[in-house]
Every structure is written in C-alpha cells, then in structure tokens.
Amino acid sequence: MKPGEEKYPHVFSPGRIGKVEFKNRIKYASTETNFNYGDGFVSEREIAYMEAQARGGAGMVTTQGAYTDPVGEGKGYVGMMGIWDDKYIPGLKKIADVIRKHDSVSVLQLMHCGRVGGVELPYTIGPSEVKQRIPRFREPVEMTDEKIELTIEEHVQGAIRCQEAGYDMVEISGIVGYLVSNFISSYTNLRTDKWGGDIAGRALFMTEIVRRIRKAVGPDYPIIIRLCGDELLHDRGGNSVDESLAAIKLAQEAGIDCLSVTAGWQESAVSVISRDCPQGSWLYIAEKMKKELDVAVAMAYRLFEPQYPEAAIAAGNLDVWESCRAMIADPDLPNKILEGREHEVRPCMACNIC
C-alpha cells in the first residue's frame, strides 16, 4: 500500500458512476484553457495539456467545455473547442485516447455559454432579455421556441459525437451563468410560456436536454451534470436554495448519473473560489445533496488539499473530489499525494489569474 492510500484511503478508493468504474475519487474538473484553435479544432497543445492531467494520476479527467452550435452563440472563449459537426470528432478522439492511455476515465463536457457566450458575435442569447451585471458582456437576446428546440437538439448531437469520439462519459455544464443555468434561474428567466414560470418550467430546458441525451446514448452511458446548489444571486431575485435543490432533483428524474455541484455565478456579489474563502467552505452544499439524491455527488470549489475531500467522502457527504485550479498549478498532484510527496505539490494560491 502506498503512503497516500494509507493516509487518504477514501480518496484513493475505487469509484463508480453508473456502470463505469475509476481507480480513485479524484476528477480533474473542466476548465477552459484557450489552447485550441479559433475555428473549434483541437490543438496539439490542448492534447498535451490533457495528457498531463491524466498522467498525473487522476481517476477521471474532464475536457474543457465544447460549444454545441455552428453560429458560435454558445462559444464563450476564443480558444474553445467545438462539437457541433462530425469534423471535430478526430481531434476530440485524440484527447480521449491520451486520457485512456494513462488509465483514467475520460469525460467530455458540453457547454453553451448563454448570456456570457457569443465571444465573436455582437450579441448573446438567453431565455429572457435581462441586463448584464458585468459590463464586458453583451446584452442577451430572448430565444424563440424554435431556437430553444434547436439548442436542445444541438446538445443531443454533441453527446452522440462525444460517445463516437470514445469518451467514457458526457458532462453537461449548467453553472455560473451559462445557458442551462440561465433557464433554471428566476434571475434570468422571466418567461411565461412552458420554458418559464415555476421551477419545473424553468428547469424544462435542462430536463429535456438530459432526457433526450439519455434516449440517444442509451441506458448505460453515464451522464454528469454541473448545477448550482446555491446561485448566491439573492440580491437579484435568483433561486432559493430549495429551488436549486428542486431543479437538481428534476435532473435526477430526467436521467443523470452524477451531480457536480457548485456555488455562485459570475454575476454573484460574493466570492466563491478566491483565497478569502476557506477550504471546505462549500462542502455543506455537497452534504445537502447527498442526503437528498440517489446519484453520485462531486464537488470542486475550494478543495485544494486532500484532507477536506477525504473527510467528506468518509462521512458519506461526497463521492468524487473534483480538482481544477489545484491541478492547473500541478497536474501531478494526485501522484504526489499517493506517493507521500505532498511537500512537493506546487500549491495553487487561488489568485484566479489562470
């Protein structure tokens, strides 16, 4: 037994999401690198970066978000990779292959950036025309019913391509003010048709994406979704914690296998991932989800050191330790902890410059 397995037996125990097993409970969480080409094709630099994350010892490795539409309305970063056409599959497959080469489970994330998207367009889109709180983003245009249906189908086709590219799981991004969260939140969804109203109506866009992806990929292909446990938008009339939980329960009913739970939006008035937030600050949200759900629960925010997820997993309050910025700082973090070399880990300062 290696030193890390003795010190952190739960972190280094095998895990399972759906029918897919992984060697430990560490998941490199999705983050945009801007390493890819502006036309959506995967670059060799991105492949090398993702291989480094797998080589570092994580049981699961998640790609950056891939935008799902040909217009680029979902594209929030210039170097974001695309998944809206079969032409992208060969490049996406290269990432899945290098992850698998290092005995890690590969996960591809689908991401439509919604009101913070359209990086190369003069507009953004969303469920309603709600003025931006952050000046650098453009105001959103309200989506028509036809546009909503098209966008759902684009997510489904993205999931099919994910499966064809050889990934073990697909992940849907619904956090921080991206499109799925725009529909769920009472702050940004003012609609009175079937896509709005109460929490079931506001969550319908999300649940239709999950249901239709489940139908397309089959019963055994794991679906992860990232959703806010607390939007921290209470000064803007955002969802209550109970409404967020209700939306997450609807995602479970629709067919997810795992929830990656987060806190806050880009437009929240409080910090969630900066150094002024103590490590483990948000674990109470994961604990609440574990008590209410029957699917696996993962969390990333402010969990840079293994003692925090170890205690949470041991207590039955967490299933998967997601790591993003800490593994940007040091992709070898899992192996260094496993081998008893924690003192060699290059620490993340949570400065968010990355």
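Student: How much space lies in the largest cavity?

Tutor: The largest cavity holds about 80 Å³ of space, where a cavity is a set of points on a 1 Å grid over the protein atoms alone at which a 1.4 Å probe fits but cannot get out, and its volume is the space filled by probe spheres set on those points, joined across faces, edges and corners. Bear in mind that this is a predicted model, in which local features need pLDDT of at least 70 and side-chain atom pairs pLDDT 80 or more, while totals for chains, interfaces and linings use all residues. Residues are numbered from 1 along each chain as its sequence is written, and side-chain values use heavy atoms, with hydrogens and water left out.

Student: How many cavities does a search of the whole structure find?

Tutor: The search of the whole structure finds one cavity of 30 Å³ or more.

Student: And which residues line the largest cavity?

Tutor: Counting residues with an atom within 4 Å of a point, the lining consists of Gly174, Ser181, Ile184, Leu227, Cys228, Glu231, Asn239, Ser244, Ala247, Ile248 and Trp265. Helix 5 (179-184), strand 10 (223-230) and helix 8 (241-254) are the elements that give two or more residues to this lining; helices here are DSSP runs of H or I with at least four residues and strands are runs of E with at least two, numbered from the N terminus.

Student: Which of those helices gives the most to the lining?

Tutor: Helix 8 does, with three residues.

Student: Why is the pair of Tyr187 and Trp265 called tilted?

Tutor: Their planes are at 55 degrees, with the ring centres 5.9 Å apart, so the pair falls in the tilted class. Tyr187 sits in the loop between helix 5 and helix 6 (199-202), and Trp265 in the loop between strand 11 (258-263) and helix 9 (283-292), so this pair ties together parts that are 78 residues apart in sequence.

Student: Are Tyr187 and Trp265 buried or exposed?

Tutor: Both Tyr187 and Trp265 are buried, a word used for a relative accessible area under 20%, with exposed meaning over 50% and partly exposed in between (1.4 Å probe, protein chains only). Tyr88 is buried too, at 3%.

Student: Which residues do ring pairs link into a cluster?

Tutor: The cluster is formed by Tyr28, Phe35 and Tyr49.

Student: Switching to charges, how many salt bridges does the structure hold?

Tutor: The structure holds 30 salt bridges, each being a side-chain nitrogen of Lys or Arg within 4 Å of a carboxyl oxygen of Asp or Glu. One of them joins Lys27 and Glu171, whose closest N and O atoms are 2.8 Å apart. Since Lys27 belongs to strand 3 (residues 26-28) and Glu171 to strand 9 (residues 169-174), that pair ties together parts that are 144 residues apart in sequence.

Student: Buried or exposed, that Lys27? And Glu171?

Tutor: Lys27 is buried, with a relative accessible area of 2%, and Glu171 is buried as well, at 0%.

Student: What about Arg100 and Asp168, which also meet in a salt bridge?

Tutor: Their side chains come together at 3.8 Å, N to O. Arg100 is in helix 3 (residues 89-101) and Asp168 in the loop between helix 4 (145-164) and strand 9, so the pair ties together parts that are 68 residues apart in sequence. Arg100 counts as partly exposed at 35% relative accessibility, and Asp168 is partly exposed at 22%.

Student: How far apart are the closest N and O atoms of Arg341 and Glu344?

Tutor: They are 2.6 Å apart in that salt bridge, with Arg341 partly exposed at 25% relative accessibility and Glu344 partly exposed at 38%. Elsewhere, salt bridges that share partners join Lys27, Glu171, Arg226 and Glu322 into one network.

Student: Last one: where is Thr63 found, and what does Thr63 touch?

Tutor: Thr63 is found in strand 4 (residues 60-67) and counts as buried at 1% relative accessibility. Leaving out residues up to four places away in sequence, Thr63 touches Ser30, Met50, Met81, Ile95, Val107, Leu108, Gln109 and Tyr167, a contact being heavy atoms within 4.5 Å.

Definitions and conventions. On a 1 Å grid over the protein atoms alone, a cavity is a set of points where a 1.4 Å probe fits but cannot get out, and a pocket is an open set with protein on both sides within 12 Å along at least five of seven lines; lining residues have an atom within 4 Å of a point. Rings of Phe, Tyr and Trp (its six-membered ring) pair if their centres lie within 6.5 Å; planes under 30 degrees apart count as stacked, over 60 as edge-to-face and the rest as tilted.
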